[in-house]
Amino acid sequence: MPYNVLLPSDYAASKDKLYPVLYLLHGLYGKHDDWLVRSRLVEHASAHHFIIVTPEGGNGWYTDGASDPSEKYESYIVRELVPEVERRFRTLRAREGRGVAGLSMGGYGALKFGVKYPELFAFAGSTSGAVSVASWRSETDLPERLRPFIVRTFGPADGATKKSNDLFLLLRSFPAERLPALPFFYFDCGTEDPLELLAPNRALADLLAERKIAHEYRQLPGDHSWPYWDRQVQEILRVAARKLSPPVAVATK
């Protein structure tokens with residue numbers, strides 16, 4: 001599985017530093033290098049001191065699929081990619097040193113990872129996230145061009161895969177006594193988004209507020225396009241910089 005790694009400008013010279021990591025997920029129909037070739041991520045990241053990893057997610061919704069047992073994108077990210085990155089690079093190997101964010105499909109995946117794996121991530125972010133995808137009914141709610149990927153990944157409406165990956169169900173059922181353990185959530189959506197994602201993002205903000213879960217939600221002029229995401233990834237990086245631990249110098253003998 002390919003992935004790209006964007007290192008801080010001082011990484012090579014700072015042999016005694018451990019850096020936080022932000023995993024940045026692409027959207028449906030995208031690839032692992034989308035953020036690097038379709039946005040100004042390199043330029044935006046130059047102001048920050050963390051490692052950015054852009055993994056491959058196929059069209060699998062960052063989920064262990066219901067139809068094909070070989071499509072385990074969730075397991076890949078949390079069980080294989082994170083340990084791989086921490087073996088190969090000087091990273092802060094703690095929750096406070098990890099964040100995850102993404103656009104559209106990747107926004108859903110990032111927020112879901114934050115809820116399902118709060119012990120791994122201190123920050124989860126989304127721009128134009130398809131946050132309600134696991135609750136869409138394939139017979140009535142799905143646009144024709146999205147239907148094959150969603151049905152393939154999540155299976156039937158009453159199936160276990162849909163229920164175990166429904167972001168709203170996960171948040172409603174999260175134990176009250178463990179809510180402080182959740183990461184900080186940042187998410188936004190463009191007011192002209194054509195995929196009817198604005199209302200679900202608003203509903204998600206309402207649910208987080210109801211459960212008193214720390215978050216920041218914004219809706220701004222913009223649609224489902226790279227100019228919007230290029231603008232909003234700058235905010236994701238700024239919030240991640242506040243919520244993740246700064247680089248730490250390690251003692252050398």
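I take helices as DSSP runs of at least four residues, numbered from the N terminus. The model I am reading is predicted.

**Entry: Tyr76**

I looked up Tyr76 and found it in helix H3. Is Tyr76 buried or exposed? Buried means under 20% relative accessible area. Tyr76 has 9% relative accessibility, so I note it as buried. I then listed its contacts, leaving out residues up to four places away in sequence. Tyr76 touches Met1, Pro2, Tyr3, Glu56 and Leu81. I also checked Thr63, which lies 13 residues from Tyr76 along the chain. Their C-alpha atoms are separated by 9.2 Å.

**Entry: H3 and H4**

Next I followed H3, residues 73-88, to helix H4, residues 105-116. The two axes come within 12 Å and cross at roughly 60°. H3 and H4 are therefore oblique to each other. I noted the crossing of H3 past H4 as right-handed. Which residues meet there? From H3 I found Glu74, Ile77 and Val78; from H4, Lys112, Phe113 and Lys116. By class, this contact has 3 nonpolar and 3 charged residues, and no polar ones.

**Entry: H8**

I moved on to helix H8, residues 198-210. H8 has 13 residues and reaches 18 Å from its first C-alpha to its last. That is close to the 18 Å expected at 1.5 Å a residue. I looked for buried residues in H8 and found Leu198, Pro200, Asn201, Leu204, Ala205, Leu207 and Leu208. What do the buried residues of H8 pack against? I found H4 again, along with helix H7 (167-173), strand S7 (184-190) and strand S8 (215-220). Just after H8, I noted that Lys212 takes a positive phi of about 60°.

Technical notes:
Residues are numbered from 1 along each chain as its sequence is written. This is a predicted model: local features need pLDDT of at least 70, side-chain atom pairs count only at pLDDT 80 or more; totals for chains, interfaces and linings use all residues. Side-chain values use heavy atoms; hydrogens and water are left out. Axes are lines fitted to C-alpha atoms, for helices over the stretch in contact, and angles run from 0 to 180 degrees between N-to-C directions. Helices (H or I, at least four residues) and strands (E, at least two) are DSSP runs, numbered from the N terminus. Angles under 35 degrees count as roughly parallel, over 145 as roughly antiparallel, 65 to 115 as roughly perpendicular and the rest as oblique. A crossing is left-handed if the near helix is turned anticlockwise from the far one by less than a right angle, and right-handed if clockwise. Contact means heavy atoms within 4.5 Å. Ala, Val, Leu, Ile, Met, Phe, Trp, Tyr, Cys and Pro count as nonpolar, Asp, Glu, Lys and Arg as charged, and the others, Gly among them, as polar. Buried means under 20% relative accessible area, exposed over 50%, partly exposed in between (1.4 Å probe, protein chains only). The expected span of a helix is 1.5 Å times one less than its number of residues.
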